[in-house]
Number of protein chains: 4
Amino acid sequence: MNTLGKNICVTIFGESHGPAIGCTIEGLPAGFKVDQEALSAFLARRAPGHHGLLATQRKEADRPEFLSGLLDGVLTGATVCAIIRNGDQHSKDYGNLKDCPRPGHSDYPASVKFHGCNDIRGGGIFSGRLTAPLCIAGGIVRQILEQEGIVIGAHLLQVGTVKEAPFDPVNVSAATLKGLDEQPFPVLSSASQAAMSQEVEQARMACDSVGGVVEAAVVGMPPGIGDPMFLGLENRLAQALFGIPAVKGVSFGDGFHASARRGSENNDPYTVDEEGRIRTVTNHCGGILGGISTGMPILFQAAFKPTSSIAKPQQSVSLSRREVQELRVVGRHDPCIAIRAVPVVIAAAALALYDALREPRP
Amino acid sequence: MNTLGKNICVTIFGESHGPAIGCTIEGLPAGFKVDQEALSAFLARRAPGHHGLLATQRKEADRPEFLSGLLDGVLTGATVCAIIRNGDQHSKDYGNLKDCPRPGHSDYPASVKFHGCNDIRGGGIFSGRLTAPLCIAGGIVRQILEQEGIVIGAHLLQVGTVKEAPFDPVNVSAATLKGLDEQPFPVLSSASQAAMSQEVEQARMACDSVGGVVEAAVVGMPPGIGDPMFLGLENRLAQALFGIPAVKGVSFGDGFHASARRGSENNDPYTVDEEGRIRTVTNHCGGILGGISTGMPILFQAAFKPTSSIAKPQQSVSLSRREVQELRVVGRHDPCIAIRAVPVVIAAAALALYDALREPRP
Amino acid sequence: MNTLGKNICVTIFGESHGPAIGCTIEGLPAGFKVDQEALSAFLARRAPGHHGLLATQRKEADRPEFLSGLLDGVLTGATVCAIIRNGDQHSKDYGNLKDCPRPGHSDYPASVKFHGCNDIRGGGIFSGRLTAPLCIAGGIVRQILEQEGIVIGAHLLQVGTVKEAPFDPVNVSAATLKGLDEQPFPVLSSASQAAMSQEVEQARMACDSVGGVVEAAVVGMPPGIGDPMFLGLENRLAQALFGIPAVKGVSFGDGFHASARRGSENNDPYTVDEEGRIRTVTNHCGGILGGISTGMPILFQAAFKPTSSIAKPQQSVSLSRREVQELRVVGRHDPCIAIRAVPVVIAAAALALYDALREPRP
Amino acid sequence: MNTLGKNICVTIFGESHGPAIGCTIEGLPAGFKVDQEALSAFLARRAPGHHGLLATQRKEADRPEFLSGLLDGVLTGATVCAIIRNGDQHSKDYGNLKDCPRPGHSDYPASVKFHGCNDIRGGGIFSGRLTAPLCIAGGIVRQILEQEGIVIGAHLLQVGTVKEAPFDPVNVSAATLKGLDEQPFPVLSSASQAAMSQEVEQARMACDSVGGVVEAAVVGMPPGIGDPMFLGLENRLAQALFGIPAVKGVSFGDGFHASARRGSENNDPYTVDEEGRIRTVTNHCGGILGGISTGMPILFQAAFKPTSSIAKPQQSVSLSRREVQELRVVGRHDPCIAIRAVPVVIAAAALALYDALREPRP
């Protein structure tokens with residue numbers, strides 16, 4: 001099911017080359033005025049054609065049409081349905097994929113699952129394009145969270161082999177996070193941008209692609225949010241983040257690095273700030289203990305594999321003839337999907353966190 | 001909610017020092033005969049007192065009592081309830097934790113969430129002890145999966161700074177996976193065991209703890225299992241795995257390493273085996289594309305932080321007096337929780353995969 | 001939440017006078033060819049303007065546009081989204097309802113729930129118009145069920161004070177049920193039609209409305225379907241049926257009449273038919289025991305209250321001035337909503353039963 | 001699945017003659033002190049042996065043991081698990097039922113569903129005994145509701161052919177509802193008790209049983225509670241009530257009687273009371289419009305069929321030999337299950353309403 005959440009419930013629908021893509025959103029607060037301009041700006045960060053040659057050349061406006069739940073720009077409390085019509089499609093590019101699955105794509109397992117009936121054009125439901133309605137839902141919810149003082153932002157922690165410094169886990173500020181919104185290539189230092197851009201450009205020139213890691217931070221999250229065991233903040237965020245195509249790893253705080261450490265290094269000592277609030281001196285745990293927010297910034301990372309669609313010839317098979325066959329994938333593709341994925345990570349996180357915040361209090 | 005799954009639905013209950021812990025399991029197949037001896041052996045892998053000084057000295061039998069759903073050892077199709085009575089408790093050890101939260105534990109955020117009413121003794125619902133009922137549910141489901149030819153196994157990929165080689169992602173066998181069941185310290189090479197044991201022992205002697213990484217593999221999973229976007233195999237497995245206390249990262253296949261690679265390196269070329277089955281030459285994706293199984297082995301890693309409970313003195317605060325205070329945690333604790341977590345990872349994975357397998361086919 | 005089902009999951013969206021109404025449907029079988037003509041005919045039974053003066057004069061085509069999940073008329077296995085654009089609206093008719101709630105409508109409780117932000121035009125999300133997308137989803141599922149030999153039909157058991165004989169609970173046939181599809185006024189005897197039509201016409205002439213009871217039957221349901229306690233067939237059907245506006249009662253088999261009987265009268269004796277199948281001699285239980293199908297016809301009744309919108313002046317209040325005020329409801333309304341509700345009952349039942357059929361077997 | 005609710009989630013487990021029955025309850029408020037004495041009194045209303053010859057002679061204490069979620073009588077916010085050990089069983093009474101299903105019971109459809117593996121002793125999971133854990137959960141929640149000023153009560157509206165007057169739908173008071181708690185035979189007039197008791201006694205003497213109707217009322221429910229379409233108060237209550245064995249019909253307000261009326265009779269005119277609150281002059285709708293509470297008393301009825309187990313010989317079949325066979329059901333059974341079902345109706349309603357109350361506000 002393409003559905004996320006319990007208290008705010010988002011269903012994503014649409015196929016890349018079908019009539020439209022979209023989402024339904026249940027559980028939004030009646031009376032909230034959606035800032036349509038801010039929403040458009042957020043969607044533009046994900047949309048193709050805004051990152052120069054570093055991203056796919058497919059150009060689409062991605063302007064959502066609201067079919068329900070919004071009256072004069074204000075949420076009515078009813079289920080919201082928003083759609084984006086599909087326009088600029090080159091469906092003929094995908095003619096041979098039914099028989100010759102693209103390596104790294106869902107083509108083969110999806111054809112098994114759907115008995116070959118799935119719409120394979122443009123990747124069908126597995127297209128990165130389906131993250132547009134995710135960003136509509138997440139973009140609205142992010143606005144609601146900001147009104148409650150909760151700000152989410154993200155940067156490219158790594159592109160290919162180039163890394164930059166992570167967020168300051170204790171002192172990362174809302175201003176820093178919002179500042180990243182303004183950058184088409186969201187990084188913390190200009191040096192990173194130059195080096196990462198070069199990494200992407202080199203891959204593109206080589207008819208290839210590179211992966212990347214997006215790191216996100218959330219400030220303003222009150223302590224005590226999240227539910228034990230299977231509905232902790234980590235479970236919820238991971239379920240949402242692994243819904244983004246190409247994500248192969250999710251970690252919180254120091255994540256996999258914590259496994260190499262000792263408890264005395266990794267435990268975050270408590271302290272009391274000037275206003276008498278409980279804080280931790282360090283924040284190795286990424287603001288989450290026992291699945292519940294500590295009141296410190298929440299930090300997590302999502303690892304993106306390199307874009308599967310590459311111009312280089314690759315080895316595939318003919319499903320009908322059961323023999324190996326060379327495949328050349330044509331079409332326009334991102335050399336590094338992680339760049340445009342930054343707002344998608346924010347959107348997914350916004351939905352997961354808002355769902356946790358709306359959980360009835362015990 | 002301590003509930004996992006949609007088609008097989010597991011609810012975990014109990015507090016570490018309450019009368020009993022247990023689980024309910026809905027959706028098990030009527031007529032399946034549970035191998036109680038195999039289940040006991042599986043539970044023993046998680047139970048304390050089976051790993052020498054490398055694990056906590058708290059000794060408990062962990063023998064489940066089945067209250068429902070099982071008649072003459074055979075599943076009736078009714079909701080199963082199994083409980084384990086809590087016995088050997090030192091509740092007085094935890095007297096001061098209400099006011100002075102342990103760093104790295106859920107004590108502080110849980111007290112905020114539950115208004116201080118939660119049972120903090122032994123960590124309450126956040127205790128690692130709650131993984132025992134998870135292992136009851138997962139242990140039964142693992143038996144059902146094995147009857148269907150699906151075998152899950154796991155080893156310690158890393159303990160502290162010591163790593164061993166990962167599973168062969170293409171050729172890992174059911175025999176290898178089942179062989180790991182026999183080892184109290186499940187690793188692929190005896191050299192790893194020596195080095196890892198030393199790492200743990202050094203931490204223990206230093207009144208400290210170390211983290212670790214558990215890698216698991218699943219063989220025999222048919223292709224085409226898993227649902228798109230938010231109910232893909234990765235989402236399901238991640239939601240289950242982050243339910244295990246101390247897990248801070250989850251990755252699939254090459255995980256975070258894939259982010260540093262190029263698409264041409266990371267894509268898995270297709271081939272056809274002698275029996276005409278579609279296979280991939282490599283398996284960087286860990287047997288999952290688009291959230292759906294490819295038919296190759298499924299591979300994933302769970303990063304465990306070092307045990308939060310350490311004997312070393314630590315900095316905490318008095319919640320009532322709002323001032324910094326030194327804390328000494330007494331009690332018996334695992335110097336490396338990852339060791340006993342190996343069967344828990346298997347149990348969580350069994351539940352997630354079985355839930356996906358029982359999803360009505362499209 | 002406007003969502004129904006677990007294995008097939010339907011979300012209804014839209015407001016009566018918003019841009020569009022529609023539904024998403026998850027869990028439909030890939031490869032099924034939707035009979036669009038049959039679907040249109042089914043939707044026409046619910047649509048206004050097909051029942052002469054006995055129903056509202058609002059004329060709308062109710063032609064669904066499929067945005068996803070359907071390729072060349074065949075289900076792809078992806079989430080289906082179908083919408084109907086709203087056209088012929090007289091929104092000005094509803095100007096004063098924000099302050100002066102219509103008796104019998106949701107206006108007042110909805111304004112409390114949604115803080116007055118809900119779209120009240122045409123009843124908003126509470127409009128009977130929202131049953132059109134329910135009929136799209138149910139109409140498709142009904143076709144799938146028929147392919148599996150399961151046929152659902154319904155008639156008007158009662159209109160106002162006029163009743164006709166119920167279905168033969170043991171011998172009702174698929175032919176009888178399908179025959180009812182052809183009738184704009186679905187009854188078992190022509191005498192009923194005359195008397196019921198007169199009842200409706202009299203109410204309409206009096207600027208008033210009447211209620212009615214729809215009885216439905218399902219033949220071909222195999223025994224053993226349905227889940228105990230809260231997911232029995234009765235629970236599932238009731239949850240779906242009470243989702244239809246104006247339904248105030250739901251009963252199965254002999255329903256409330258059974259309460260006046262003795263066990264020896266009400267129990268259905270078992271017998272064996274010529275083909276060795278287990279049958280019951282009578283079918284007071286309506287084909288359901290313990291929430292599970294017996295293999296006999298399933299029978300149930302839905303009681304509809306009289307249409308709340310009537311042309312007669314009524315007593316209401318001014319919410320702002322907190323004083324009693326006379327209200328005259330203008331607009332075009334059905335004098336007996338039960339007539340057009342017949343296909344809606346079938347649609348709701350189809351969804352509930354299909355959901356039960358797709359439950360993983362124990 | 002034996003699970004009810006979304007915000008408060010109750011799972012019922014156990015088989016009539018297994019080791020124990022019980023429930024898990026998620027979502028209860030931390031810090032609430034459970035009145036154990038009041039809970040015992042509530043459970044006693046359902047327990048056998050408290051209604052003289054009018055109910056089964058099976059005697060069981062039904063004292064719940066709390067395994068989790070309760071510390072010193074106060075809810076901790078953790079999942080509650082409460083069990084009742086099964087004691088006084090005559091399992092041999094049920095030896096032949098595997099082959100010869102009891103008319104009116106789930107024996108036959110359950111054996112199909114569970115491939116004959118279900119525990120048929122005492123009806124297994126279909127036993128009325130499973131309503132005891134439902135009453136534990138509902139009894140606790142009823143206490144929480146009462147603290148919020150919401151009172152639920154119920155009486156026997158009908159036993160066999162004997163009826164008494166329904167609740168005053170506008171003026172029914174909390175005192176009236178609580179007063180019914182004190183009566184083993186909860187009716188509004190003593191004349192009813194005499195006539196109804198006689199009806200039951202006549203049935204018992206005839207080795208037979210009678211049905212009945214339970215009417216419940218809820219006062220103090222604030223307006224604006226309930227969610228549209230499939231999660232309205234009617235849907236939620238119906239889903240819970242049809243979970244009670246033997247319920248064959250559920251209606252709200254005037255229910256099926258409304259179908260015979262005109263809109264002008266059935267619509268409830270609005271008025272304003274002395275304190276400026278919106279009220280309705282009548283309450284035909286049972287306090288629910290559009291699935292949402294109006295602020296008036298909520299009223300509903302549950303129709304119980306006569307107890308299926310009767311001492312009279314009945315016609316059944318041998319499943320193995322596929323031939324008709326006479327069956328004599330031995331054991332101790334209620335001649336009128338509706339009597340002991342009164343607290344069960346209250347419990348089910350409490351859970352459904354509390355779940356709606358805890359829904360995040362739009």
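Okay, let's start with a lysine. C:Lys248 makes a salt bridge with D:Glu234, and the closest N and O atoms there sit 2.7 Å apart. That's one pair out of a count of 4 salt bridges between chain D and chain C. Before I go on, keep in mind that this is a predicted model.

On the chain D side that touches chain C, the element giving the most is strand S11, residues 247-252, with 6 residues. If you sort that side of chain D by class, you get 49 nonpolar, 37 polar and 17 charged residues.

Now the whole contact. Chain D puts in 103 residues, and chain C puts in 103 residues too. Between them, chain D and chain C bury about 8,200 Å², and 63% of that is on carbon and sulfur atoms. Which residues of chain D lose the most area to chain C? Those are D:Phe230, D:Lys248 and D:Tyr270, and together they make up 11% of what that side buries.

Let's go back to strand S11. Strand S11 of chain C, residues 247-252, is joined to S11(D) by 3 bridges, and the two run antiparallel. If you want a spot to look at on screen, find C:Gly249, which stands opposite D:Ser251 in S11(D).

Okay, over to the other pair, chain A and chain B. Here the contact takes 103 residues from chain A and 103 residues from chain B. The buried area is about 8,100 Å², with 62% of it on carbon and sulfur atoms. In chain A, the residues that lose the most area to chain B are A:Phe230, A:Lys248 and A:Tyr270, together 11% of what that side buries.

What about salt bridges here? Between chain A and chain B the count is 4. One of them runs from A:Asp227 to B:Lys113, where the closest N and O atoms are 3.1 Å apart. Strand S11 of chain A, residues 247-252, supplies the largest share of the side of chain A that touches chain B, namely 6 residues. By class, that side of chain A comes to 49 nonpolar, 37 polar and 17 charged residues.

And how do the S11 strands of chain A and chain B pair, parallel or antiparallel? They pair in the antiparallel sense, over 3 bridges.

Chain B has an open sheet of 5 strands, in the order S1-S2-S3-S7-S4, with antiparallel pairing. At the edges you'll find strand S1 (3-4) and strand S4 (65-68) of chain B, each pairing on one side only. S4(B) is joined by 3 bridges to strand S7 of chain B, residues 80-85, and those two run antiparallel. Within that pairing, B:Glu65 stands opposite B:Ile83 in S7(B).

Last, a word on confidence. The predictor gives the complex an ipTM of 0.96 and a pTM of 0.96. Chain A averages a pLDDT of 94, and 94% of the residues score at least 70.

Methods
Residues are numbered from 1 along each chain as its sequence is written. Chains are lettered from A and ligands numbered from 1 in the order in which they are written. This is a predicted model: local features need pLDDT of at least 70, side-chain atom pairs count only at pLDDT 80 or more; totals for chains, interfaces and linings use all residues. Side-chain values use heavy atoms; hydrogens and water are left out. Contact means heavy atoms within 4.5 Å. Buried area is the accessible area (1.4 Å probe) that two parts lose on being put together, summed over both. A salt bridge is a side-chain nitrogen of Lys or Arg within 4 Å of a carboxyl oxygen of Asp or Glu. Helices (H or I, at least four residues) and strands (E, at least two) are DSSP runs, numbered from the N terminus. Ala, Val, Leu, Ile, Met, Phe, Trp, Tyr, Cys and Pro count as nonpolar, Asp, Glu, Lys and Arg as charged, and the others, Gly among them, as polar. Two strands pair if DSSP finds at least two bridges between them. pLDDT is the predictor's confidence in each residue, from 0 to 100.
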